[in-house]
Amino acid sequence: MPAIQSPATEEVHPDVALVARAKEGDTAAFEQLVRQYERQIFRVAQHITQNREDAEDITQDAFLKAYEKLEQFQGNSKFSTWLVRIAVNESLMRLRKRKTSKTVSMDEDVQTDEGSIPRDFAEWRPNPEQQYNQAELAEILRKTIQGLPPGFRTVFTLRDVENLSTEETAEALGLSVPAVKSRLLRARLQLRERLSRYFRQKQEGQPA
Amino acid sequence: MNCTDLLSHLSDYFDDQLTIELREEISEHTAGCQHCRVVLNTTHQTIEVYKGNEIYEVSPGLRERLHSAIMAKCLAVKKQA
């Protein structure tokens with residue numbers, strides 16, 4: 001069996017064989033890749049667009065595009081990173097269509113320093129999980145991440161929610177590693193600041 | 001190390017990208033600076049709370065629907081080819 005190995009990776013990722021089979025027309029192999037990544041792609045799309053129907057459409061379109069362009073996938077990156085890149089592009093396109101007045105782009109450098117300089121210095125006690133039940137907590141986390149600019153939200157989602165490496169995130173977004181790091185820091189700090197409103201330790205005498 | 005330096009190293013700190021020397025400098029600074037200690041702790045909690053809670057649940061029903069739709073689209077393209 002031909003081994004398609006990227007020169008950059010020493011260990012061959014199991015996806016490589018599946019992709020090779022899919023390229024030869026093996027639909028079952030492609031279906032296995034779909035099963036492996038459909039939830040992740042859906043989550044990424046939903047995080048970026050904040051819209052469930054859009055996320056469903058984007059997930060379908062991203063896999064269809066991947067299927068159609070499979071021949072062009074050279075294996076220089078992981079298949080999953082390539083797939084995420086397609087889904088991110090589809091998601092940003094969808095956002096642009098929705099917000100006609102506002103540009104949405106990963107290149108757009110968000111100039112504001114809002115939230116990048118910490119202002120809230122209260123500990124979170126008790127832990128968020130002890131303060132809220134699961135449904136309430138999920139609602140707070142959703143509302144909070146929704147308030148971030150799309151460029152920050154996307155970097156945070158790939159890096160901290162989906163656990164892509166900094167390099168993979170850079171590749172998926174077409175950004176440099178320093179640009180990813182800078183956005184990630186600001187995203188983390190802004191989220192921290194916003195979450196502090198919910199999770200900060202209540203001062204004595206202050207109603208909970 | 002001052003507070004601004006600490007902030008600039010914060011992401012690398014969580015991503016385990018710092019030298020031992022820098023990590024020690026951070027520990028020393030946070031031992032004496034309550035604000036930075038809180039920022040470090042609560043930023044860590046921010047990352048962990050998002051990692052630990054799936055905020056967009058994909059129910060089995062939704063997953064099945066998505067999966068069928070994806071495969072139907074791909075197979076339709078294959079047929080045309």
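Reader: What is the handedness of the crossing of α3(A) and α4(A)?

Author: In this predicted model, the crossing of α3(A) and α4(A) is right-handed.

Reader: How is such a pair of helices described in general?

Author: Two packed helices are characterised by the angle between their axes together with the distance between those axes. In the present case, helix α3 of chain A spans residues 52–68 and helix α4 of chain A spans residues 79–98. Their axes come within 9 Å and cross at roughly 135 degrees. That angle makes α3(A) oblique to α4(A).

Reader: Which residues of α3(A) and α4(A) make the contact?

Author: From α3(A), the residues are A:Asp54, A:Asp57, A:Ile58, A:Asp61, A:Ala62, A:Phe63, A:Lys65 and A:Ala66. From α4(A), they are A:Trp82, A:Leu83, A:Ile86, A:Ala87, A:Glu90, A:Ser91, A:Arg94 and A:Arg98. By class, this contact comprises eight nonpolar, one polar and seven charged residues.

Reader: For which residues of chain A does UniProt list the feature "domain: RNA polymerase sigma-70 region"?

Author: The UniProt record, an unreviewed entry, lists residues 33–99 of chain A for that feature. Over residues 33–99 the chain is 81% helix and 0% strand, and the end C-alpha atoms are 32 Å apart.

Reader: Is A:Leu33 buried or exposed?

Author: A:Leu33 counts as buried because its relative accessibility is 0%, and buried means under 20%. The residue lies in helix α2 of chain A, residues 27–49. Leaving aside neighbours within four places in sequence, A:Leu33 is in contact with A:Asp15, A:Leu18, A:Val19, A:Phe63 and A:Phe79. One of these, A:Phe63, also takes part in the contact of α3(A) with α4(A).

Reader: Is A:Arg119 buried or exposed?

Author: A:Arg119 counts as exposed, because its relative accessibility is 61% and the cut-off for exposed is over 50%. A:Arg119 lies in the loop between α4 and α5 (128–131) of chain A.

Reader: Which residues does A:Arg119 touch, not counting those up to four places away in sequence?

Author: A:Arg119 touches A:Arg192 and A:Glu193. Although A:Arg119 and A:Glu193 are 74 residues apart along the chain, their C-alpha atoms are separated by 7.2 Å.

Reader: Where does UniProt place the feature "domain: RNA polymerase sigma factor 70 region 4 type"?

Author: According to the UniProt record, also an unreviewed entry, the feature is at residues 139–191 of chain A. The chain is 81% helix and 0% strand over that span, whose end C-alpha atoms are 14 Å apart.

Reader: What feature does UniProt place at residues 3–37 of chain B?

Author: The unreviewed UniProt entry gives "domain: Putative zinc-finger" for these residues. The span is 83% helix and 0% strand, with its end C-alpha atoms 10 Å apart.

Reader: How do the axes of helix α1 and helix α2 of chain B cross?

Author: The axes of α1 (residues 3–14) and α2 (residues 20–32) of chain B come within 11 Å and cross at roughly 130 degrees. The two helices, α1(B) and α2(B), are therefore oblique to each other. Their crossing is left-handed. The contact is made by B:Cys3, B:Leu6, B:His9 and B:Tyr13 of α1(B) and by B:Leu22, B:Arg23, B:Ile26, B:His29 and B:Thr30 of α2(B). These residues divide into five nonpolar, three polar and one charged.

Terms used:
Residues are numbered from 1 along each chain as its sequence is written. Chains are lettered from A and ligands numbered from 1 in the order in which they are written. This is a predicted model: local features need pLDDT of at least 70, side-chain atom pairs count only at pLDDT 80 or more; totals for chains, interfaces and linings use all residues. Side-chain values use heavy atoms; hydrogens and water are left out. Axes are lines fitted to C-alpha atoms, for helices over the stretch in contact, and angles run from 0 to 180 degrees between N-to-C directions. Helices (H or I, at least four residues) and strands (E, at least two) are DSSP runs, numbered from the N terminus. Angles under 35 degrees count as roughly parallel, over 145 as roughly antiparallel, 65 to 115 as roughly perpendicular and the rest as oblique. A crossing is left-handed if the near helix is turned anticlockwise from the far one by less than a right angle, and right-handed if clockwise. Contact means heavy atoms within 4.5 Å. Ala, Val, Leu, Ile, Met, Phe, Trp, Tyr, Cys and Pro count as nonpolar, Asp, Glu, Lys and Arg as charged, and the others, Gly among them, as polar. UniProt positions are given in the numbering used here, feature names are shortened, and annotations may be inferred rather than shown by experiment. Buried means under 20% relative accessible area, exposed over 50%, partly exposed in between (1.4 Å probe, protein chains only).
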